[in-house]
Amino acid sequence: MSDTLENLKPEDLSSGDRPLTIPPELPVLPLRDTVLFPNSFMPLAVARESSVRLIDDAITNGKLIAVFTQRDAAVEEPTQADLYPVGTATHIHKMFKLPDGSLRLIVQGLQRVTLDEIVSSHPYLRAKVTAAVEGTTEADALEIDALARNIKTNFQQVVSLSPLLSDDLQTLATNISEPGRLADFIASSLSTISTAVKQDVLETLDIRARMDHLNRILIKELEVLELGSKIQSQVQSEVGKNQRDYFLREQLKAIQKELGEGDDQTKEIEELAEKIEAAGMPEAVKKEALRELDRLSKMPVAAAEYTVSRTYLDWLVALPWNKRADETIDLPKTKTILDADHSGLEKAKDRILEYLAVRKLNPDVKGPILCFAGPPGVGKTSLAKSIATSLGRKFVRVSLGGMRDEAEIRGHRRTYIGALPGQIIQGLRRADSKNPVFILDEIDKLGSDFRGDPSSALLEVLDPEQNNTFRDHYLDVPFDLSEVLFITTANVLDPIPPPLRDRMEVLEIGGYTEDEKLKIATDHLVGKQIKNHGLTHEQIRFTPEALRAVIRGYTREAGVRNLEREIGSLCRKVARRRAEAPPEGVGLMEITPDLVVEMLGAPKFMDEEMEERTKDPGVAIGLAWTPTGGEVLFIEASRMAGTGSLTLTGQLGDVMKESARAALSWLRMHAKAYSIDPDFFKNAEMHVHVPSGAIPKDGPSAGVTMATAMASILTGRPVRGDLAMTGEITLSGRVLPIGGVKEKVLAARRVGIHEVILPKQNEKNVNEDLTPELRKDLTIHLVSTIDEVLALALQPVSSDRPLHKKERKSAGHHQSSARA
């Protein structure tokens, strides 16, 4: 057997110079949980008696054996069925005997062999074996080369990530050029894959299939190692951070102990506990605060929840649970302060004084919810501030204009990042008082969208029966708002939802008369603007005539904002003149009407000649209400040949158009009474126009004015130019009440009109809303029907022209006219 492996020396076994021949029969050594690959060395432990006998004989007879892996490692005396069909022809390099009789071997795998038949079981297994032939084709060469490169790359990454594999394995694998040997070497080196997987690689005789199988194993192993490395890195990072924090905290404690200082966190907890006790919270709120404080004391400072919990407790202890401003109820003093700060506004002042009188008798009365409604610039916000001053309370203002998020009122829930309480709670914290005067400005300009409806959230705030348990989403504990004096402001009441309006007591604040504006300018605006512009009363003085000239010619408004701007403009021009003056300077500069025109230019508003505008038939003077005060409207009507149609122009709303149609229908029904051809509309066309066409107009109060203008053009009788009118009409000719009486009368006075027609049912408004000063030199006619309006408004064609029967009848109603 000179050509067999049994007679080869060990150095010949590792040489590839000549072919190797496997004997047809070899002793079989069963292996437990181990797979030996060709061309690899492996240490083995042999303890079974039959296996020890086998090794002793093999050392004597050429050191060549066949090793096969057992399917089940627990079987002590395996048979052919207990062994895998493919094993390895193996050469024993060294053998060591141990004192307990067992052996230690170093063996080298030589070649794959297949187990054909067991020929003997005693004293050990002997079997017929056949050398396994590894197959490949030239067509697979390119793909095998690519697989080999991929396997080497993946194996390098596995070695670099696995702590169990030596880095030398990368170099050894790189130096192996034979694909089959490379696959066997890498498979034998992977200690983490199972015995069954290694056996699959051993049994794969096709080199390309073996390499593909091994590549899949490496990819899976690489994914597992990468994931394990990521997990390990995270754990180490967290553990390292925690250990670092722990050591630092321990060092800090030791340092503080040496210095006699306590733990900062412990100090914070103790301080918060003291603040909770001193805050005067209700029992339910205090219980919630202590529960949160207990949670905080158990948290590490580095925890993300720590800051959230600490901020929440800071808000709880900062709120004025039991703090109140010392309220001084002195009615004469309060009236003096209100009168000094504001001219007019008697109705609002009286309501505040009534509230204080009741509160003086019953200190536990709930605060009213007042709504100051009126044009811009009439002093709604400043009046609320004066109320706070007169009561000795803190003042808080929140602007609601453009607010669309419900959380602005009720706050955000603490689950959101950056959550805060709503504006109500924030305002109370700023005031540091439980009973401030809280003004909600521009309540008519609230919005709503997908984030909620703030006006609905205000329902609870502005309801005296509910706001004693107001629950902010952030605090999530009840807060008593019943002692807060809420005052809201609005320009127009229509946009306010009815449920919200129902909770408020509306006090309408109309515009100021010319005399009131003059007093406001003299008492407040002039001094304020002189100071703002760096001047003194020794350098500039306004005459009353100059202020009246500014009021009449440069401002036409219900409030005084534009008046203050124009006074400021005059002060700026004076300041410039003084700055540009020569060194000897400028003495006292007195502002006169002529100087006003010189500095401000030509007047922006000129009083129209009412008589001139209405000298021709078809023009009537009406009065309208706007959010900025009252306005005077000239309504024009014309008649022309046509086919019986009514044209309405001037950007009129639907209600105003309906008023015009109703007026035309009434005139057609009563045409004969006014000597109008009943069939005039068959061959004529009526056109009604309201000037200032760029401004939208709507409302029913122009009905009487439209009817008068149409009657004037149809009868050929001009309308009086010293008289203005307002009122809604019906098809039966009745005149219905309207709103905004004070604003409309003020508008008439501004343009020099001293006679006004109002509906009879507005007599109460005339008596209550119009002050004696406003009714001075003013004649107010209270009418119930359109006949009375026409009798008062239409001029006769000539002085000797007899009156119509309806005119004679209407003349008897002049007793209802009121002369102030």
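Student: Which residues are linked in a network of salt bridges?
Tutor: In this predicted model, the network consists of Arg 112, Glu 134, Asp 184 and Arg 210.

Student: Why is the pairing of Arg 210 with Glu 134 called a salt bridge?
Tutor: The closest N and O atoms of Arg 210 and Glu 134 are 3.3 Å apart. The term requires a side-chain nitrogen of Lys or Arg within 4 Å of a carboxyl oxygen of Asp or Glu, so the pair at 3.3 Å qualifies.

Student: What makes this pair a tie between separate parts of the chain?
Tutor: Arg 210 belongs to helix H7 (residues 207–259), whereas Glu 134 lies in the loop between strand E6 (126–131) and helix H3 (141–161); the two parts tied together are therefore 76 residues apart in sequence.

Student: How are Arg 210 and Glu 134 classed, as buried, partly exposed or exposed?
Tutor: Buried means under 20% relative accessible area, and exposed means over 50%. Arg 210 has 0% relative accessibility and therefore counts as buried. Glu 134, at 33%, falls in between and so counts as partly exposed.

Student: How many salt bridges does the structure hold?
Tutor: The structure holds 40 salt bridges. Among them is the one between Glu 268 and Arg 310, at 2.8 Å from N to O. This pair links distant parts of the chain, with Glu 268 in helix H8 (residues 264–278) and Arg 310 in helix H10 (residues 304–318), 42 residues apart.

Student: Why is each partner in that pair called partly exposed?
Tutor: Glu 268 has a relative accessible area of 28%, which places it between the two cut-offs, so it is partly exposed.

Student: What makes the contact between Asp 679 and Lys 682 a salt bridge?
Tutor: The closest N and O atoms of Asp 679 and Lys 682 are 3.9 Å apart, and the limit is 4 Å, so the pair counts. Asp 679 is partly exposed because its relative accessible area is 41%. Lys 682 counts as exposed because its relative accessibility is 57%, which is over 50%.

Student: How many disulfides does a search of the whole structure find?
Tutor: The search finds zero disulfides. The criterion is a pair of cysteine sulfur atoms within 2.5 Å. As to accessibility, Cys 371 counts as buried because its value is 0%, and Cys 571 counts as buried at 0% as well.

Student: Why does Glu 460 count as buried?
Tutor: Its relative accessibility is 16%, which is under 20%, so Glu 460 counts as buried. Glu 460 is found in helix H16. Leaving aside neighbours within four places in sequence, Glu 460 is in contact with Arg 410, Gln 466, Asn 467, Thr 469, Phe 470 and Arg 471.

Student: What makes helix H16 mostly covered?
Tutor: Six of the eight residues of H16 (residues 454–461) are buried, namely Pro 454, Ser 455, Ala 457, Leu 458, Glu 460 and Val 461. What covers these buried residues includes helix H14 (407–410), helix H15 (423–431) and strand E12 (485–490).

Student: Why is strand E1 described as largely enclosed?
Tutor: Six of the seven residues of strand E1 (residues 25–31) are buried, so the rest of the structure largely encloses it.

Student: How do you know that E1 pairs with E6 and with E3?
Tutor: Pairing requires at least two bridges. Three bridges join E1 to E6, and these strands run antiparallel; Glu 25 has Lys 128 as its bridge partner in E6. Four bridges join E1 to strand E3 (residues 64–69), in parallel, and Leu 31 stands opposite Thr 69 in E3. Both pairings therefore meet the criterion.

Student: What joins the side chains of Ser 102 and Asp 100?
Tutor: A polar contact of 2.7 Å joins them; the limit is 3.5 Å. Ser 102 counts as buried because its relative accessibility is 7%.

Student: What is the mean pLDDT of the protein chain?
Tutor: The mean is 83, and 91% of the residues reach 70 or more. Over residues 1–18, however, pLDDT stays under 50, and over residues 799–820 it is below 50.

Technical notes: Residues numbered from 1 in each chain as written. Predicted model: local features only at pLDDT ≥ 70, side-chain atom pairs only at ≥ 80, totals over all residues. Heavy atoms only, no water. Buried < 20%, exposed > 50% of the residue type's maximum accessible area, 1.4 Å probe, protein only. Contact = heavy atoms within 4.5 Å. pLDDT = per-residue confidence, 0-100. Polar contact = N/O pair within 3.5 Å; in protein donor to acceptor, adjacent residues only side chain to side chain.
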